[in-house]
Amino acid sequence: MATRIARHESSGSSVGGRKRPRRHSGLQKEVLALYKDFFKAAREMEDIESSDKLRQAVRDEFKDCAKSVRVSDFQRVEYLLRKGRKNLRTVKMPGFRGVQQ
């Protein structure tokens, strides 16, 4: 019985079986907001095929950046955020037709 209790007590650090949700930093929130804004812009496009291509291009770009940029490289993350916001403004322009892959 003592071994069961010892194992049970050391089996996790969560209280009541629930883990606290992880808080995001300010930069992480900005990146997530940009990602969501791109998807909103894609949803508002009239051409379904262009919308799908834009969504896939956004997914691919964010995945590539997540793999290649260190979380601690704030300058690079901020640069990519500025570049992404500029691209989002382009996507939201009335004459935007879609991405080429």
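This report covers helix packing and pockets in one predicted model.

Residues are numbered from 1 along each chain as its sequence is written. Local features need pLDDT of at least 70, side-chain atom pairs count only at pLDDT 80 or more, totals for chains, interfaces and linings use all residues, and side-chain values use heavy atoms, with hydrogens and water left out.

**Helix packing**

Two packed helices are described by the angle between their axes and the distance between the axes. Helices here are DSSP runs (H or I, at least four residues), numbered from the N terminus. Axes are lines fitted to C-alpha atoms over the stretch in contact, and angles run from 0 to 180 degrees between N-to-C directions.

Helix α2 spans residues 26-43 and helix α4 spans residues 74-92. They pack at an angle of about 20°, with axes 10 Å apart. That makes α2 roughly parallel to α4 (angles under 35 degrees count as such, and those over 145 as roughly antiparallel). Contact means heavy atoms within 4.5 Å. On the α2 side the meeting residues include Leu27, Glu30 and Val31; on the α4 side they include Phe74, Val77 and Glu78. By class, this contact of α2 with α4 has 10 nonpolar, 2 polar and 5 charged residues. Ala, Val, Leu, Ile, Met, Phe, Trp, Tyr, Cys and Pro count as nonpolar, Asp, Glu, Lys and Arg as charged, and the others, Gly among them, as polar.

α2 also packs with α3, at an angle of about 165° and with axes 8 Å apart. That makes α2 roughly antiparallel to α3. Val31, Leu34 and Tyr35 are among the α2 residues that meet α3, where Ser51, Leu54 and Arg55 are among the partners. The contact of α2 with α3 divides into 9 nonpolar, 1 polar and 3 charged residues.

**Pockets**

A pocket is an open set of points on a 1 Å grid over the protein atoms alone, where a 1.4 Å probe fits, with protein on both sides within 12 Å along at least five of seven lines; lining residues have an atom within 4 Å of a point. A volume is the space filled by probe spheres set on the points.

| Pocket | Volume | Lining |
|---|---|---|
| Largest | about 880 Å³ | 31 residues |

Val31, Glu61, Phe62, Cys65 and Leu80 lie nearest the centre of the largest pocket. α2, α3 (48-68) and α4 each supply at least two residues of its lining. The largest share, 9 residues, comes from α3. By class, that lining has 21 nonpolar, 5 polar and 5 charged residues.

Key: Angles under 35 degrees count as roughly parallel, over 145 as roughly antiparallel, 65 to 115 as roughly perpendicular and the rest as oblique.
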